[in-house]
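Work through the exercises below with the sequence and the 3D view open. Each task is followed by a solution in steps.

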Amino acid sequence: MRKKIVAGNWKMNTTVPEGVELAQQVNAAVAAASDIKCDVIIGVPFTHLTAVKAVIDIDKVGLAAQNCADHTSGAYTGEVAAPMVASTGANYVILGHSERRGYYNETPAMLKEKVDLALASGLKVIFCCGESLDEREQGIFKQVIGDELRESLFHLDAQQMANIVIAYEPIWAIGTGKTATSDQAQEVHAFIRGMLAQQYGAQVADDTTILYGGSCKPSNAPELFAKPDIDGGLIGGASLKADSFMGIVTAF
Ligand code: PGA
């Protein structure tokens with residue numbers, strides 16, 4: 001059975017002390033709750049990884065970086081390599097977020113490298129895909145999402161796919177307050193699972209966790225998570241307060 005996951009993506013928010021405090025709050029809430037039916041992950045800035053790792057129980061709260069370099073080491077000023085992320089004790093990395101693709105020109109070829117290096121470092125990957133508003137309105141969203149998966153993931157073998165979580169994040173729903181309807185999200189999730197089945201067979205398709213992201217909050221999470229192919233969420237804004245994040249974690 002595939003895992004249910006709720007993952008926070010803090011983006012470029014919180015200082016180290018603020019992030020440590022938020023991580024402690026999430027860790028305490030997860031430890032205190034007896035009825036959590038999903039894995040919980042927090043995606044924090046690089047600067048926070050070591051300090052956050054020290055205050056969480058990694059068996060209860062997974063730890064993700066939000067990016068890694070497309071090289072392993074060397075003269076790449078300002079970059080952070082996958083083995084460095086892994087050496088902090090983090091166990092996940094978010095790759096291919098639309099903000100990285102859009103603002104920092106990350107290409108499918110670069111993301112393919114990053115995916116390979118992350119897996120080689122023992123990190124699990126939360127791989128983001130999703131269409132723009134324009135692409136949705138043109139009716140080409142499945143083609144866009146299909147290309148993103150094919151170009152950066154489908155060189156992997158079935159065994160490697162066990163370490164990939166896919167996050168469907170329609171760009172028009174990110175940080176806009178405009179959530180995809182649960183039917184719109186389910187349609188895309190089922191499409192992605194169908195692609196996985198075609199490429200890897202029914203078992204891999206059935207075992208792969210597919211998250212929804214984009215203005216997910218405690219009020220809309222139950223309806224989204226009730227859909228058969230939506231296995232949880234990647235949460236931006238609502239992950240910055242322990243209360244609202246836990247409101248989503250407990251939505252299953
Ligand atoms: P949001 O962001 O929840 O603030 O819309 C989601 C994301 O970008 O991962």
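**Exercise 1.** In what order do the eight strands close into a barrel, and is the pairing parallel or antiparallel?

Solution. The model is predicted, with local features needing pLDDT of at least 70 and side-chain atom pairs counting only at pLDDT 80 or more, while totals for chains, interfaces and linings use all residues. Residues are numbered from 1 along each chain as its sequence is written, and side-chain values use heavy atoms, with hydrogens and water left out.

Step 1: strands are DSSP runs of E, at least two residues, numbered from the N terminus, and two of them pair if DSSP finds at least two bridges between them.
Step 2: the barrel order is β1-β2-β3-β4-β5-β6-β7-β8, with parallel pairing.

**Exercise 2.** Find how many bridges join strand β7 to strand β8.

Solution. Step 1: locate β7 at residues 210-213 and β8 at residues 232-235.
Step 1: two bridges join these parallel strands.
Step 2: Tyr212 faces Gly233 in β8.

**Exercise 3.** Which residues come nearest to the ligand?

Solution. Step 1: a residue counts as near if one of its heavy atoms lies within 4 Å.
Step 1: there are 13 residues around the ligand, and Lys11, His97, Glu169, Gly175 and Ser215 come nearest.

Notes. Helix = DSSP H or I, 4+ residues; strand = E, 2+ residues; numbered from the N terminus.
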